[in-house]
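Please brief me on this protein model. Cover its sheets, one of its helices, and the spaces inside it.

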Amino acid sequence: MLDLSLKVNGYPIKRAISVLRAIQHQGELERSGHLHRRRQSILNYHLENNPFYRDFLGSGPVNDWDKLPVLTKADLRLPLSKRLSKGFGRHNVHIHKTSGSSGHPLIFAKDKFCHAMAWAVNQNRFGWHGIDQNKDLQARFYGIPLDWKGYQKERLKDRLSSRYRFPIFDLSDQKMEEFVGIFAKRPFVYINGYTSSIVLFAKYLERENIQIKSLCPTLTHCFVTSEMLFDSDKELLERVLQVPVINEYGASELDLIAFSHPDGDFRLNNETQYVEILDENDHPLPAGQAGRIVITNFYNWAHPMIRYDIGDTGIIAPSTHILRPGLDQLIGRTNDVAILPDGKRVPGLTFYYVTKSLIEDNSPVEEFVIEQHQADVFKILYTSQRDLDRSETKAIEGAILTYLGQQVQLSIERVEVMDRSRRGKLKQFISYL
């Protein structure tokens with residue numbers, strides 16, 4: 001039904017699948033040529049047809065790719081109508097908005113072939129693991145727009161796309177019990193959704209000693225997306241759900257960026273986009289070095305996404321091959337940084353790792369978030385079946401002190417429920433500086 005719904009809405013999915021297959025049959029030299037031609041083609045197109053992008057480039061050189069300016073969300077603050085290429089308007093593009101989990105939601109557009117290519121890649125990657133999105137029933141752990149029109153639109157898309165949506169704004173035990181009842185009645189083939197929500201569901205199953213595979217024997221895979229997948233969480237999910245856990249990394253304004261391959265690699269998508277790792281001065285870094293992830297979409301004629309900084313940092317695998325490009329590490333968002341009283345900058349996600357390592361084993365904590373309110377004031381919010389005792393909080397305080405190397409004020413507070421974004425995502429580290 002997914003292909004049919006795309007076709008009915010004017011998205012040329014069959015042509016997109018055909019183009020993707022042709023790209024995937026390329027050899028090494030062909031793929032290298034494809035990357036060069038496609039990035040040059042999309043650059044030339046927007047130079048000729050997009051006044052916004054011409055103004056953005058200014059008088060700078062356009063014959064040296066590495067010297068092209070990097071686009072950021074801040075550069076795209078203009079009304080969408082002022083960013084579209086000639087011949088495109090709201091009547092013939094796919095318009096969407098990012099979740100704003102980085103603090104900066106963005107309205108963007110894709111032409112219909114670009115959107116179809118994104119879905120072709122999506123189907124291909126799920127197909128790596130034997131999933132047919134046109135017929136296999138999906139248990140979808142996602143947020144949903146809360147306005148009436150947006151809510152109804154998403155529910156219709158669910159019905160047309162062989163998926164049942166589990167609302168994740170209420171993750172109480174009572175709601176989890178309802179989820180289990182639904183799994184017992186429906187032949188779900190795979191789970192797909194936000195990492196933290198599925199982890200919380202797995203913790204509930206383990207606590208209640210519920211064997212979900214016994215209730216839903218058709219279940220074969222779990223796909224997690226939109227949030228970091230920690231090794232300990234993957235182990236928990238595979239132990240409790242008793243199915244393989246597949247990691248997905250993408251950006252709605254672009255495409256799938258990386259996806260777990262059956263051979264174990266976290267495989268980058270270089271069929272529909274060009275992925276670069278840049279330093280703070282916008283200079284390309286070699287494989288194996290950490291930097292900002294910057295991406296060019298090859299097929300978006302409606303809206304330029306050329307050297308677009310998505311706000312994440314990562315490392316391309318040192319042993320990467322042009323036909324098997326790999327993302328070695330996804331480190332986290334570039335704006336998730338704690339700035340300490342002495343000016344020292346600490347990656348927020350690493351700060352989160354320190355706390356997580358202490359409360360993971362034999363701990364009642366289900367979820368937690370770290371907030372920075374002032375340079376020397378931090379707060380840890382957590383949900384749990386009980387309050388942490390003094391020895392547990394002292395261990396966390398000690399580890400944070402050791403990690404930061406200086407004194408800070410740390411408060412640890414138990415809350416009933418975590419404050420998720422409007423789309424249901426959970427951000428692990430938040431700076432209010």
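In strand 12, Asp309 has Val294 standing opposite. This is a predicted model, in which local features need pLDDT of at least 70, side-chain atom pairs count only at pLDDT 80 or more, and totals for chains, interfaces and linings use all residues. Residues are numbered from 1 along each chain as its sequence is written, and side-chain values use heavy atoms, with hydrogens and water left out.

- Strand 11 (residues 291-297) pairs with strand 12 in the antiparallel sense, over 4 bridges.
- Two strands count as paired if DSSP finds at least two bridges between them.
- Strands (E, at least two residues) and helices (H or I, at least four) are DSSP runs, numbered from the N terminus.
- Strand 12 covers residues 308-316 and is mostly covered, with 9 of its 9 residues buried.
- Buried means under 20% relative accessible area, exposed over 50%, and partly exposed in between (1.4 Å probe, protein chains only).

- An open sheet is formed by 7 strands in the order 4-3-5-6-7-8-9, with mixed pairing.
- Strand 4 (163-167) and strand 9 (266-268) stand at the edges, each with a single partner strand, so one side of each has no neighbour in the sheet.
- Neighbouring strands of this sheet are turned by 20° against each other on average, direction ignored.
- Axes for such angles are lines fitted to C-alpha atoms, for helices over the stretch in contact, and angles run from 0 to 180 degrees between N-to-C directions.
- Strands of a sheet pair through backbone hydrogen bonds, either parallel or antiparallel.
- Strand 8 (residues 256-260) pairs with strand 9 in the antiparallel sense over 3 bridges.
- Ser260 has Phe266, in strand 9, as its bridge partner.

- Strand 3 (residues 138-142) is mostly covered: 5 of its 5 residues are buried.
- In a regular strand the side chains alternate between the two faces of the sheet.
- On one side of strand 3, Gln138, Arg140 and Tyr142 are buried; on the other, Ala139 and Phe141 are buried too.
- Ala139 stands opposite Tyr164, which belongs to strand 4.
- Strand 3 also runs parallel to strand 5 (residues 190-194), joined by 4 bridges.
- Gln138 has Tyr190, in strand 5, as its bridge partner.

- Strand 16 and strand 19 run parallel and are joined by 3 bridges.
- Glu371 has Ile430, in strand 19, as its bridge partner.

**Helix 8**

- Helix 8 (residues 195-207) has 13 residues, which at 1.5 Å a residue should span 18 Å; its end C-alpha atoms are 18 Å apart, so the two agree.
- The expected span of a helix is 1.5 Å times one less than its number of residues.
- Helix 8 is mostly covered, with 11 of its 13 residues buried.
- Among the buried residues of helix 8 are Ile198, Leu200, Phe201, Lys203 and Tyr204.

**The largest cavity**

- On a 1 Å grid over the protein atoms alone, a cavity is a set of points where a 1.4 Å probe fits but cannot get out; a pocket is an open set with protein on both sides within 12 Å along at least five of seven lines; lining residues have an atom within 4 Å of a point.
- Grid points are joined across faces, edges and corners, and a volume is the space filled by probe spheres set on the points.
- The count comes to 1 cavity of 30 Å³ or more.
- The largest cavity holds about 180 Å³ of space.
- Its lining has 17 residues, of which Asp233, Tyr352, Lys356, Glu366 and Glu367 lie nearest the centre.
- Helix 8, helix 11 (348-359) and strand 16 (365-374) are the elements that give two or more residues to this lining.
- By class, the lining of the largest cavity has 8 nonpolar, 3 polar and 6 charged residues.
- Ala, Val, Leu, Ile, Met, Phe, Trp, Tyr, Cys and Pro count as nonpolar, Asp, Glu, Lys and Arg as charged, and the others, Gly among them, as polar.

**The second largest pocket**

- The second largest pocket holds about 420 Å³ of space.
- Its lining has 18 residues, and Leu35, Tyr274, Val275, Ile316 and Thr320 lie nearest its centre.
- Strand 10 (residues 273-278) gives the largest share of this lining, 5 residues.
- The lining of the second largest pocket divides into 13 nonpolar, 3 polar and 2 charged residues.
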